[in-house]
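The sequence and the structure are shown below.

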Amino acid sequence: MHGTVTVIDKGPVRIHSYMAPDDSLNVTTQLIETPGRIIAVDAQYALGYADEVVAYAQGLGKPLDRLIITHAHPDHFHGAARFGAPVHALPVVRDQIASHGDGQDPTGTVIPAADITPTVEIIPGTEVIDGVPFVFEAVTGGEAADELVVRLPEQGVLVAQDLVYHRTHLFLGNNDLAGWRSVVDTLAADTSYDTILAGHGLPAGPEVYAELRQYLTDAHELLGDDGETYKKAILERYPSYGGPFLIDIGNQYLFGAQGA
């Protein structure tokens, strides 16, 4: 296996958190194993890594009930068709994914938009799946314009995905540092969750919020009008962090070609 799987036992629920290698941005797929089924959250960027997640899920011996897409960034939905399960998302996220049009895998394989556009709408609120309450919450502002948070209150698990990165560089292309900081403060204020599942990086505890706040503060300090200068400065400040290519991708949005 090229990716890394972290298994977290929460009684009737087990979390299998798959993190892709650095060459695929350390992006994560969460496999939530209930007594009788598996709920997948986010679908990887590279089709090969999506296939690896699906093979692992099949090895658990339970049906894949659904795939939930949290937001409309390709690294979280490109592999959706590989899961062979109904794809769920907030309506606004579904529409944003559809507007992307066809995608392309790093190998050059075309990914038809029709194959990966969610077909089942998520309505914010609580849904009991296989006896386990799942709380779906729509969030605006931050790493993406619109994102879904999934809470498992009985297990103390918060599926934050790209609202939280764990020891990986941040994608800042949405250019909303203040909004992201506000969302992080709101998540951190609820102390009933001891397991935080990040969209990039390994699972964490609540200490990840302080780390994320500090990175956002540093990014605000270091961002100027030159992408290469910012990249050099943030790499020097966080030399051990993974996913440096995320800086390049963000710089393309923030600065255009000169920051790529």
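Leaving aside neighbours within four places in sequence, Asp-22 is in contact with Gly-242, Gly-243 and Pro-244, where contact means heavy atoms within 4.5 Å. Asp-22 is placed in the loop between strand 2 (13-19) and strand 3 (28-33). At 41% relative accessibility, Asp-22 counts as partly exposed; buried means under 20% relative accessible area, exposed over 50%, and partly exposed in between, with a 1.4 Å probe and protein chains only.

The model is predicted: local features need pLDDT of at least 70, side-chain atom pairs count only at pLDDT 80 or more, and totals for chains, interfaces and linings use all residues. Residues are numbered from 1 along each chain as its sequence is written, and side-chain values use heavy atoms, with hydrogens and water left out.

**Overall fold**

The chain contains eight helices and 14 strands; helices (H or I, at least four residues) and strands (E, at least two) are DSSP runs, numbered from the N terminus. The radius of gyration of the chain is 17 Å, close to the 18 Å that the globule rule gives for 260 residues, so the chain is as compact as a globular protein of that length. That radius is taken over C-alpha atoms, and the globule rule is 2.2 Å times the number of residues to the power 0.38. Along the principal axes, the C-alpha atoms fill a box of roughly 50 × 45 × 35 Å.

Of the 260 residues in the chain, 55% are buried. Among contacts between residues at least 6 apart in sequence, 62% join residues at least 24 apart. The accessible surface of the chain comes to about 10300 Å², of which 52% belongs to carbon and sulfur atoms; accessible areas come from the Shrake-Rupley method with a 1.4 Å probe, and for residues only the protein chains shown count as cover.

The chain has 14 positive and 35 negative side chains, and the centres of the two sets lie 5 Å apart. Lys and Arg count as positive and Asp and Glu as negative, while His and the chain ends are not counted. The place of a charge is taken as NZ of Lys, CZ of Arg, CG of Asp or CD of Glu.

Helix 5 (residues 177-189) has 13 residues, which at 1.5 Å a residue should span 18 Å; its end C-alpha atoms are 18 Å apart, in agreement. The expected span is 1.5 Å times one less than the number of residues. The buried residues of helix 5 are Leu-177, Gly-179, Trp-180, Val-183, Val-184, Leu-187 and Ala-188. An α-helix has 3.6 residues a turn, so residues three or four places apart point the same way. The buried residues of helix 5 pack against strand 11 (132-140), strand 12 (146-152), strand 13 (157-165) and helix 6 (208-222).

Ala-178 also lies in helix 5, but at 60% relative accessibility Ala-178 counts as exposed. In helix 6, Gln-214 is partly exposed, with a relative accessible area of 41%.

**Positive phi values**

Asp-130 is found in the loop between strand 10 (125-129) and strand 11. Phi of Asp-130 is near 55 degrees, a positive value in a residue other than glycine, and Asp-130 counts as partly exposed at 28% relative accessibility. Asn-175, in the loop between strand 13 and helix 5, likewise has a positive phi, near 55 degrees. Asn-175 is exposed, with a relative accessible area of 59%.

**Glu-52 and selected distances**

Glu-52 is placed in helix 1 (residues 47-58) and counts as buried at 14% relative accessibility. Leaving aside neighbours within four places in sequence, Glu-52 is in contact with Met-1, His-2, Gly-3 and Tyr-18.

| Pair | Separation in sequence | C-alpha distance |
|---|---|---|
| Glu-52 and Asp-146 | 94 residues | 28 Å |
| Ala-178 and Leu-216 | 38 residues | 8.6 Å |
| Gln-214 and Arg-181 | 33 residues | 9.7 Å |
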